[in-house]
Amino acid sequence: MSKTALITGITGQDGSYLADFLLRKGYRVVGLKRRTSSICTDRINNIYDNENLILKYYDLDDASSTWNIMLETQPDEIYNLAAQSHVRVSFDIPEYTLQTIVMGTMRLLNAYKTLVPDARFYQASSSEMFGDNPQVPQDESTALSPASPYACAKVCAHNLIRNYRVAYGLHASSGILFNHESPRRGETFVTRKITQAAARIKLGLQDKLYLGNLDAQRDWGFAGDYVEAMWLMLQQDKADDYIIATGETHSVREFLEEVFNHAGLSIDDHVETDPRLFRPHEVPVLLGSPEKAKKVLKWEPKIKFQQLAHMMYESDLEEQEKFKRSIQ
């Protein structure tokens, strides 16, 4: 009999790649999404008609729907990916960010503990939890020093997972994922903002790109690789926390140069800095050590930095070409 996986945030970047991955493995996937005025299922259009995919409306703030869905679906694996996930935006809406991430996780954990305690639980933790800690590379023992409301919320949720794991003997693991990108990345995130703008500039649809801190350094991997690590955590006999990263760091400027050089564009002609896009509290360097994941999970990233930048640009170029034809 096939396993059932419950995914919160299935219409997001990670949720869509994870659903692809699990369906290929024969899982029955129950995907949870918010009820909004637009359908917002673009990222899962390729699997929308799969008979093993079930979509349900859900809200992190609604405890009753959490319990009802858990009771009805009886999942074998639970992947909590839903959140207000934009770091810069979390400074503008801190209360909502903490409410969805902290209390949303707590509601899921309580329903899980009571209704399906034999299931296995994955929590999406974040490299942002390390914040401005100068220790690099960061590993599972590095002290957490959050530098945004988003990061503070993720630290609390991360600690809840450990607390419930120890207190109740639950198989609950956290993946501390460093920056992971793809053509499905949200358009407000800096990598996608760069690749989409480059495509539009190349096609004459846009002239300028405005960015914030170009010197911030991040460990960038491919989201499609990282969802495999999520799954592998829940296949282990013992629950634990793992850094998922490439072990390489590159600045925003390097990503920008890689994309613009690939596109044959001049940064000097088309890119300007906008102080409004800087964070109130900057995180200079995030660099993860994936050694534990490599050793225990037998996981390694496949897509390299240059491949990722080119992949995202080519995808955006194709989309913008379609858009340009539609308006001509």
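I started with β1 and β2, which pair in the parallel sense over 5 bridges, where helices (H or I, at least four residues) and strands (E, at least two) are DSSP runs numbered from the N terminus, and two strands pair if DSSP finds at least two bridges between them. Before going on I noted that this is a predicted model, in which local features need pLDDT of at least 70 and side-chain atom pairs count only at pLDDT 80 or more, while totals for chains, interfaces and linings use all residues. I also noted that residues are numbered from 1 along each chain as its sequence is written, and that side-chain values use heavy atoms, with hydrogens and water left out.

**The sheet**

I then followed the whole sheet, which is open and is formed by 7 strands in the order β3-β2-β1-β4-β5-β6-β11, with parallel pairing. Its edge strands are β3 (53–57) and β11 (241–244), each of which pairs on one side only. The twist averages 20 degrees from one strand to the next; for angles, axes are lines fitted to C-alpha atoms, for helices over the stretch in contact, and the values run from 0 to 180 degrees between N-to-C directions.

Next I looked at β5 (residues 120–126), which runs parallel to β4 (residues 77–80) and is joined to it by 4 bridges; Glu77 stands opposite Arg120 in β5. On to β6, I counted 7 bridges from β5, again in a parallel run, and saw that Gln123 stands opposite Ser174 in β6.

**Helices**

Which strands does helix α1 (residues 13–24) lie across? I read them as β1 (4–8), β2 (28–33), β3, β4 and β6 (171–177), with α1 running at about 170 degrees to β1; contact here means heavy atoms within 4.5 Å. Helix α4 (residues 94–115) lies across β1, β4, β5 and β6, and it runs at about 165 degrees to β5.

Helix α7 (residues 223–233) has 9 of its 11 residues buried, so α7 is largely enclosed by the rest of the structure. Among the buried residues of α7 I listed Tyr226, Met230, Trp231 and Met233, and Asp225 is one of them too.

I also looked up Gln320 in helix α11 (residues 305–327), which counts as buried because its relative accessibility is 8%. Leaving aside neighbours within four places in sequence, Gln320 is in contact with Gln196, Ala199, Arg200, Leu203 and Leu205.

**The second largest pocket**

A pocket is an open set of points on a 1 Å grid over the protein atoms alone, where a 1.4 Å probe fits, with protein on both sides within 12 Å along at least five of seven lines, and lining residues have an atom within 4 Å of a point. About 150 Å³ of space lies in the second largest pocket, the volume being the space filled by probe spheres set on the points, which are joined across faces, edges and corners. I read its lining as Phe130, Asp139, Glu140, Thr142, Leu144, His158, Asn159, Arg162, Arg165, Ile176, Asp241 and Lys292. The largest share of this lining, 4 residues, comes from helix α5 (residues 149–168).

Most residues other than glycine have a negative phi, and most peptide bonds are trans. A cis peptide bond joins Val136 and Pro137, with omega about -5 degrees, and Pro137 is found in the loop between β5 and α5.

Gln74, in the loop between α2 (63–73) and β4, has a positive phi near 45 degrees and is partly exposed, with a relative accessible area of 40%. Lys298, in the loop between α10 (291–297) and α11, has a positive phi of about 60 degrees although it is not a glycine, and this residue is exposed at a relative accessible area of 68%.

Key: Buried < 20%, exposed > 50% of the residue type's maximum accessible area, 1.4 Å probe, protein only.
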